[in-house]
Amino acid sequence: MKLLVTGGAGFIGSTYVRRRLAERPDDEIVVLDKLTYAGRRENLAAAPESQIELVEADIADREAVARAIDGCGAVVNFAAESHVDRSIAEPDAFIQTDVFGTFVLLEAARDAGIRHLQISTDEVYGSIEEGSFTESSPIEPSSPYSASKAGGDLLVGAFQRTYGADALIVRASNNYGPFQHPEKLIPLMVLNAMAGDRLPVYGDGMQVRNWLFTEDFASAIDVVLERGEAGEVYNVGGPEELPNIEVVRRILELTGRDESLIDHVTDRLGHDRRYSLSAERTEGLGWRAQVHFDEGIERTVAWYRDNRDWWEPIRSGEYREYYERQYGTKLGS
Ligand code: NAD
Ligand code: TYD
């Protein structure tokens, strides 16, 4: 099987590619990735060269997509602008990639007559005080990021119903693990704690997220790609829900720091209070999350401790300016 994996140089996409190629030595993968600030060639260095081709291109570029899709049996679309805080400050790229880019890929997969698996997020459902979202919960996104992902998801459904396209969606909860960009909560807190820097907790820190280890998500994606039905949505959640402040405390323990580093800073605009997801439908396909938070967070902290060469260049580049804009005036010294 030859797969087109878009956004495969990012955090989850590269985890998926490395895992799939390790498990299936006869597979080939074409990774089409724009290599934005979030996409890195190094993330794919461990994948065997004979099995992988990296095409640097935009998913919204019809010609590049048409060339890359040639001979592929399915598309798995991870490509997206993915960070809520950046979407609040500058939403344009989110609409362009997550909505228009998804549309271009859907057309190409439909025309090639192949399956399109859209990688989406529980954030499209909005916030839930009690209980858990199912696949039939209404779409009520809060941020420009989640609204643009919802736009992509709605196009997937429309392509399946209108053109009979073989398109389907997985919606995952918050992923964490090695190779995640330091803009996201867990790596940001791990790297700041290791450096003895302030830890910017938004508001009271009681916002709840459902944590899913990336390797677990990567295994769910193959199960849905193979056994999922066109036109359906499959939720993929992890085994634990935790308030952010608990996650930060766990990181402080693992890095040997104390709570004096915590800074409660101005809350995010439109901040969703709680995400909670029922993964029953995906579990019905034979998938189960294997990694509990205690184990996953230990593995994650150990990876960042042992992989300075990966994150040091990121922290010193574009990220520095982003960090200043995002946190500069909020944080105490
Ligand atoms: P990421 O930001 O680490 O990676 C995104 C990748 O997409 C990068 O390699 C980037 O270069 C590439 N990309 C961006 N715009 C592109 C474009 N126009 N054309 C081609 N490539 C482009 O994101 P991630 O955390 O790995 O998320 C991957 C997918 O999973 C996204 O669709 C995201 O919405 C979804 N998702 C993420 C999470 C999470 O917790 N991180 C949870 C649920 C769903
Ligand atoms: P994030 O990793 O941005 O993921 P998402 O917004 O997609 O859930 O944030 C996870 C949670 O952590 C979210 O409730 C916002 C919070 N958060 C902080 O408190 N401080 C931070 O510096 C960041 C980046 C996030």
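Domain 1 (2-175 + 213-236) and domain 2 (177-209 + 239-271 + 293-327) both contribute residues to the shell around ligand 2, so the ligand lies between them; the domain bounds come from an automatic or database domain assignment. This is a predicted model, in which local features need pLDDT of at least 70 and side-chain atom pairs count only at pLDDT 80 or more, while totals for chains, interfaces and linings use all residues. Residues are numbered from 1 along each chain as its sequence is written, chains are lettered from A and ligands numbered from 1 in the order in which they are written, and side-chain values use heavy atoms, leaving out hydrogens and water.

Let's look at the ligand. Around ligand 2 there are 19 residues, with Glu 123, Pro 200, Arg 268, His 271 and Tyr 327 the closest (near means a heavy atom within 4 Å). Here are some polar contacts (pairs of N or O atoms within 3.5 Å):

| Residue and polar atom | Distance to an oxygen atom of ligand 2 |
|---|---|
| Glu 123, side chain | 2.4 Å |
| Tyr 202, backbone | 2.9 Å |
| His 271, side chain | 2.7 Å |

Taken alone, ligand 2 exposes 510 Å², and the protein buries 97% of that (Shrake-Rupley method, 1.4 Å probe).

Glu 123, Arg 268 and His 271 are among its lining residues.

Methods: 1 Å grid on protein atoms, 1.4 Å probe; cavity = no way out; pocket = protein on both sides within 12 Å on 5 of 7 lines; lining within 4 Å. Polar contact = N/O pair within 3.5 Å; in protein donor to acceptor, adjacent residues only side chain to side chain.
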